[in-house]
Amino acid sequence: MNDEGGSVSRGAESALGVPASDPAGRLDGPAVRRTAGRRLNPSLVVGGIIVLVIVLTALVSFVWTPYDATLVDPAVRLAKPSWSHWFGTDKFGRDLLSQIMVGSRTTLFVGLVAVGVAAVIGVPLGILAAMTRRWSSELIMRANDLLLAFPALLLAIMFGAVFGASTLTAMVAIGIATVPSFARVIRSGALQVMRTEYVLAARAAGRRPFPIALRHVLPNVTSLITVQASVSFAIAVLAEAALSFLGYGTPPPTPSWGRMLQESQEFLFSAPRLAVFPGVAIAIAVLGFNLLGDGLRDRFDPKLEDRR
Amino acid sequence: MSALVEEPEVAEQSDVLAVRGLTVSVRDKVLVEDVDLTVGPGERVGLIGESGSGKSLTALSVLGLLPEDVHAKGSVRLAGIDHDLIGADERQLARIRGRDLAMVFQEPMTALNPTMRVGDQIAEAMLIHRTVPNRRAARTAATALLDRVQLPGVARAYPHQLSGGQRQRVVVAIALANDPALLICDEPTTALDVTVQAMVLDLILQGVAARESALLFITHDLAVVATICQRVLVMYGGRVVESGPVHEVFTNPRHRYTEGLLAASDLDSAAHRLPTIPGNVPAAGNFPTGCVFRTRCAHATDICTTTPPWTGSASSGFACHHPAPDLVALETRRSSREVADD
Amino acid sequence: MVLRLVERTAVLLVSLAVSSVLVFGFMAVLPGDPARVALGVNASDEAVAQLREQFGLDRSLATQYFDWLGGLLHADFGTSYVSKVAIGPQIFDRLQVTLWLVVVGMIVALVVAVPAGTVMAARHRKISGLALSAISQLGVAVPAFLAGILLIMLFAVKLGWLPANGWTPPASDPGMFLRQLILPALSLGLVQGAVLTRYVRSAVLDVLREDYLRTARAKGLRPFPALWRHGLRNAAVPVVTVLGLQLATLLIGAVVVERVFVIPGLGSLLLDGVSNRDLLLVQDVVMLLVVAVLVVNFLVDVLYVALDPRLRVGQR
């Protein structure tokens, strides 16, 4: 055991003429703690598996889907699930499973770009707010608060009104709307880093702010960024689905889970499965990213473990 | 030597509190083992030990307020209560807490609800147990209690408007509100400025004296025990290693730990360099088998791997294989010589 | 306290001003001319010029902005370039509908979240607490419009207990109004409640660790009464913050839920405005939503003071 405290006190014991063998109770201390630290984190495992499955589905959909997702086949309109169409078909006879598979691409793509936009703007803003003088950091955070009054969906609808609805406007709008939460989380993390001794030492040594931000602050908030990215991804998936549902997201014919739901609405009485499959897909994706975020948070900050 | 005169020889049945074989454990770790403890009516008993010795857990087990996952076994009986407190359900315990049994905690800054006026917090203690007829009477009684702890006119204040010492006096007032048979104080002055410690101690003493309440006083401060307690129990590693009248234990310690503790704190002189007990207190639950002190004891031998038997009576004795020499004879000789000299 | 109030009010006013510039500016920079957008590409130049003159679109942007803002301050939302109808009355009509949804949804959320979150915290190591945690985690993953669709499938299609969609004003048929309100309010409230539950849980968990709760139990209060009397108010502070922030989500959630249940609320008005290229209408509705969020957050800030006496500086 490389437990330094243990070896020190063992030395003291032998000096006192006590048998140097470890007293029975002592060894299990660290051992118990170790197993607790490595305890399987169910959120992380389940979330990770779900996200992995979605990513794999999206990748597979590039090379193989049961049918062409946009193939209209009037012969099998509104077909029930069968061996040839596992999830059935929609009102145009398009294969539901294929659409859901290709839809996962849309979901991941929108999420990735939106989270990317949010991180690229939010992380520097958060670090800046933590490192600059009082008034400028105050200004950043106030602007941040103001942006919170524009939820992703509202921004996206505004963008849609002005530039026309498209995947791009949806992604950018969702990304911008997610900036505040990024900036806020990163700022509080960066503030903690700024108070650590190595940053104080670097500042005392006359290092300029930019190198400090790059060398000390950024690496130490990466765990926060990862957690926030995962949680934001879930929000982005939700927002994209809602936007597509309203008709302000991905335009047809590109399959999207939200629009599949919207198209299913006229068949709620006759073919409810049309709503169930994309609905479940959305819920599972959001659940996966949320769980992954929670799990990562616990992994990085075990103190919070039982607050989950 | 008034302490000797005051030493109460309490009969077993009339004890206000009787703890028998108390063992507290978390999962597989034993934190407090086989503790016996009695407090007679109106008696003031000190419980001393370093942090991690299990003294606070002992107190919390008596109240049934142990943290989740921590479990107590054994027996805790309170005079006038026809059931054991260990294993009693919340309903039974709630009826006793605050009425027959009250507690003052260590940290006054956080012990009071920040969103409730202090007068209401005191009044609540009486309203819960219906020891006052109505809300107005409770409020009047609360104001009177605040007067008694020398905080007149603060009933409508919020805790944040009071200093630490003032808040602790409010906590004392809450604890004494229903004239409890037993007051447990867990390091009530540790978090306070030295200047206000004496005052809070004094109020506690006056409070228990006026109500003829018994007092179980937990502390690591030997000087405080010496001033306010009649009898003392010394805890180490979750066990009671020595007990007896304060004067006896402090002048004639028999357990090697008590001896070391007294030498390290040295109540009498600061002239020479304070000796310290070698080594560190092991983490809770990681104490050695046999004598819990053996890993730090200069006198330990092979026999110390077995649990030392209790020597002496239930209210006065020690558990050590190699006790310090009994100084009583010497002590009596010296005091008789002093008397003769007069 | 007064200082805090003054500061908060100043922040609110500045935020309102800045957001009005943002909303106006955003709509003003759009490529193309609002008059042409309203009339369509085939409109003659003359017609466009006439419309521009009619609505003052030929004036400078600053004049237009202050004209718009001045109107808003008098609850005058202007006249639509497209339908030539005054926008104000439409907004107030639709606002009532949306407010019903949001308020009832919020109540549903609170009714679900406060007990569920408290139980989850108090029993966070027990099966019941873990089960509730899992359910709330699922609830968070379901968007309001999906919840709406599922509720329709269950209560309207399968059981036939409630109408699948539609809206009746409370004055004309209270019974029908209630029956039609239940499902949309539930879909908003349950989802929001799931999110809120997690905040309530963590706030209550924090409070459970507080010393004053132990003091309360040492006084003789049983665990749940102690939590009720001493914990909830303290736990309320962080929860109220979230509640304020959630209003934004709830308002925007209403936009989507209105679409699911075919309810003529503010959301439908906004979406119709977007599809009709009725930019002033969109601008007005967006501004109204933003103002609502900002004002509620301001009120939340003020409410803190009522909840936490420590913030009442200057007293005693």
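Select helix 2 of chain B, residues 55-63. This is a predicted model. Helix 2 lies across strand 1, strand 2 and strand 4 of chain B. Against strand 1 of chain B, helix 2 runs at about 110°.

**The sheet under the helix selection**

Now show the three strands of chain B. They form an open sheet in the order 2-1-4, with antiparallel pairing. Color strand 2 (29-39) and strand 4 (70-78) of chain B: both stand at the edges. Each has a single partner strand, so one side of each is left without a neighbour in the sheet. Neighbouring strands here are turned by 5° against each other on average, direction ignored.

Zoom in on strand 1 of chain B, residues 17-26. Strand 1 pairs with strand 4 of chain B in the antiparallel sense, over eight bridges. Pick B:Leu17 next. Which residue of strand 4 is its bridge partner? The partner is B:Leu78.

**Chain C against chain A**

Move to chains C and A. Here 40 residues of chain C are in contact with 32 residues of chain A. To find the chain C side, select helix 1 (2-28), helix 6 (127-141), helix 7 (144-158) and helix 8 (174-208) of chain C.

**A helix pair in chain A**

Hide the rest and keep helix 3 (residues 42-63) and helix 11 (residues 273-300) of chain A. The two pack at an angle of about 140°, their axes 7 Å apart. That angle makes helix 3 of chain A oblique to helix 11 of chain A. Their crossing is left-handed.

Show side chains at the contact. On helix 3 of chain A, pick residues including A:Val46, A:Gly47, A:Ile50 and A:Ile54. On helix 11 of chain A, the contact residues include A:Leu287, A:Phe289, A:Asp294 and A:Arg299. By class, the contact between helix 3 and helix 11 of chain A has twelve nonpolar, five polar and three charged residues.

**A helix pair in chain C**

Last stop: helix 5 of chain C, residues 87-122, with helix 8 of chain C. What angle do they pack at? It is about 35°, with the axes 5 Å apart. The crossing of helix 5 and helix 8 of chain C is right-handed. Their contact divides into 24 nonpolar, seven polar and one charged residues.

Terms used:
Residues are numbered from 1 along each chain as its sequence is written. Chains are lettered from A and ligands numbered from 1 in the order in which they are written. This is a predicted model: local features need pLDDT of at least 70, side-chain atom pairs count only at pLDDT 80 or more; totals for chains, interfaces and linings use all residues. Two strands pair if DSSP finds at least two bridges between them. Helices (H or I, at least four residues) and strands (E, at least two) are DSSP runs, numbered from the N terminus. Axes are lines fitted to C-alpha atoms, for helices over the stretch in contact, and angles run from 0 to 180 degrees between N-to-C directions. Two residues are in contact if their C-beta atoms, placed from the backbone, lie within 7 Å. Angles under 35 degrees count as roughly parallel, over 145 as roughly antiparallel, 65 to 115 as roughly perpendicular and the rest as oblique. A crossing is left-handed if the near helix is turned anticlockwise from the far one by less than a right angle, and right-handed if clockwise. Ala, Val, Leu, Ile, Met, Phe, Trp, Tyr, Cys and Pro count as nonpolar, Asp, Glu, Lys and Arg as charged, and the others, Gly among them, as polar.
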